[in-house]
Amino acid sequence: MQGRRPRIYSASKDEIKAGEATDIYFKRTKKILREAGLSDLKVRMEIHAYSMPKGYEWAVFAGLEEVLAMLEGRKVNVYSVPEGTIFYKKEPLMIIEGTYEDFAELETAILGALRFSSTIATAAARMKKLANGKTILFFGLRALHPAVYPAADRAAYIGGADGVSGVLAEKYFGVTPKGTMPHALIIAFGDQTKAWKWFADLFEKETPVIALVDTFNDERVEVEMALQTLGDRLWGVRLDTPSSRRGKMKEIVEEIRWLLNLKGYSNVKIFVSGGIGEKQIVELRDVVDGFGVGTSIASAPNVDLSMDIVEINRGDRWIKISKRGKLPGAKKLYKCNGKRVVTLWDEEPDCPSKPEPLTIKYMENGEIIRELPSVDDIRNYVIRQLEEVSVEVL
Ligand code: PCP
């Protein structure tokens with residue numbers, strides 16, 4: 001075939017790091033500042049959320065590691081709250097200090113990475129909290145462009161998802177993916193019992209056998225078939241009941257639970273997936289063992305972080321400045337006697353006990369100066385904080 005070859009439209013890591021994945025007005029701004037003799041202007045830029053998505057009181061800060069990767073080698077200092085910190089409106093989350101010329105064009109990608117990961121991590125955290133200890137698996141990659149799969153799975157995991165489905169999760173951040181069978185496998189055999197048996201024969205040593213029980217027949221019929229086919233080899237069942245057949249999902253699950261118990265299989269777990277959101281989690285959490293959640297985490301309400309100049313350096317003095325609607329001056333976040341306190345950059349909170357600084361220096365002159373936590377450390381930090389917050393169901 002002659003003509004244009006098809007391509008995959010994703011920015012490369014090199015393009016992102018080089019500041020090519022940006023809005024054109026940053027390039028134009030840099031040129032103007034250079035021409036006007038302002039290329040050595042030093043600034044402090046602050047990242048914060050001045051509003052939260054409707055119904056959200058808090059959000060999870062995620063994506064810091066990617067921002068550090070973008071800024072590494074540029075002559076900037078970076079101060080930030082740790083990745084995984086639960087934050088509230090108007091709290092300072094990150095300060096980038098340096099010559100504006102050195103990082104101006106990265107604003108788009110920095111915000112993009114932080115907003116993407118914080119949005120997914122927050123949705124996962126809310127669902128983890130609402131699930132009351134039941135399992136949340138993230139199955140939402142199919143709602144996203146493949147270029148962002150590792151970042152999406154990482155963010156969902158950090159937020160509290162107990163597992164993610166993406167194969168690249170293992171390679172990028174060392175988490176073994178979870179998942180058993182799509183409807184395609186069952187349709188390929190034209191017989192669910194053959195598909196389940198083949199799955200168990202090939203994979204039961206490496207993963208729990210969870211049979212998908214909604215393809216051709218009623219769930220109750222298919223669960224009985226699964227028990228007959230696999231007996232004690234059956235670890236769990238998944239109900240991905242089509243929305244057109246769903247009706248009273250809780251009653252369907254209760255009936256399946258009753259049947260399993262009656263037959264002596266009270267150990268067999270029940271998972272539900274397909275169209276699961278916060279409401280469904282609350283409705284079903286007492287009768288299921290876990291949820292497969294896709295779109296409602298992958299396309300959750302966006303956490304609107306922004307990045308503003310809050311100080312400029314003139315004649316070796318830092319001058320507090322901002323656009324209207326934003327508070328001038330770089331700020332720090334502390335915890336003081338369990339309460340959150342925001343101070344100006346050079347101030348310490350008036351705290352009866354020693355304040356705990358949440359704004360921490362991560363980068364000096366383009367070099368990372370702190371050990372970065374593992375995804376499990378970040379996830380555990382989120383889960384600890386979830387004990388202290390509440391979620392109003394959307
Ligand atoms: C499940 C469901 C959705 C996936 C999970 C995410 O997939 O049908 O497509 O759900 P959500 O976005 O509605 O939350 P499978 O049952 O594995 O899909 P398939 O039909 O491809 O077998």
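In the predicted model, C351 is buried, with a relative accessible area of 14%. C351 forms a disulfide with C336, and the two sulfur atoms lie 2.3 Å apart. The structure holds one disulfide, and this link is right-handed, with 115° about the S-S bond. C336 belongs to strand β14 (residues 331-336), whereas C351 sits in the loop between β15 (339-344) and β16 (356-357), so the pair ties together parts that are 15 residues apart in sequence. C336 is likewise buried, at a relative accessible area of 8%. A disulfide is a covalent bond between the sulfur atoms of two cysteines.

The overall architecture was examined next. The protein has 14 helices and 18 strands. Of its 394 residues, 48% count as buried. The C-alpha trace spans about 80 × 70 × 35 Å along the principal axes. Among contacts between residues at least 6 apart in sequence, 69% join residues at least 24 apart.

Six strands make up an open sheet, in the order β7-β6-β11-β10-β9-β8 and with parallel pairing. Its edge strands are β7 (163-164) and β8, each of which pairs on one side only. Within this sheet, β9 and strand β10 (residues 269-273) pair in the parallel sense over four bridges. L239 stands opposite V272 in β10.

Helix α10 (residues 219-230) packs against two strands of this sheet: its buried residues meet β8 (210-212) and β9 (236-239), together with the helices α9 (192-203) and α11 (249-262). Helix α10 has 12 residues and reaches 16 Å from its first C-alpha to its last, close to the 16 Å expected at 1.5 Å a residue. The buried residues of α10 are E219, E222, V223, A226, L227 and L230. These residues cover an arc of only 145° around the axis, which puts them on the same side of α10. At the N-terminal end, D218 caps the helix, with a side-chain oxygen 2.9 Å from the backbone nitrogen of R220. After α10 comes G231, whose phi is positive, near 55°.

At 1.5 Å a residue, the 12 residues of α2 should span 16 Å, and the end C-alpha atoms are 17 Å apart, which agrees. F26, K30 and L33 are the buried residues of α2. Because they cover an arc of only 70° around the axis, these residues lie on the same side of α2. On the other side of the helix, Y25, R28, K31, I32 and E35 are exposed. The cover over the buried residues of α2 includes α4 (100-103) and α5 (107-130). G37 follows α2 and has a positive phi, near 75°.

Antiparallel pairing is found between strand β12 (residues 306-314) and β13, which are joined over four bridges. In this pair, E311 stands opposite K320 in β13. The hairpin of β12 and β13 has two residues between the strands, and G315 takes a positive phi near 55° there. In a regular strand the side chains alternate between the two faces of the sheet.

The loop between β13 (317-320) and β14 contains K326. K326 counts as buried, at 12% relative accessibility, against a cut-off of under 20% relative accessible area. The side chain of K326 makes a polar contact with the side chain of D308, at 2.7 Å. A further polar contact, at 3.3 Å, joins the side chain of K326 to that of H48. When residues up to four places away in sequence are not counted, K326 touches H48, Y50, S306 and D308.

Conventions. Residues numbered from 1 in each chain as written. Heavy atoms only, no water. Expected span 1.5 Å × (residues − 1). Buried < 20%, exposed > 50% of the residue type's maximum accessible area, 1.4 Å probe, protein only. Arc of directions from axis to C-beta. Contact = heavy atoms within 4.5 Å. Polar contact = N/O pair within 3.5 Å; in protein donor to acceptor, adjacent residues only side chain to side chain. Disulfide = S-S within 2.5 Å. Pairing = 2+ DSSP bridges.
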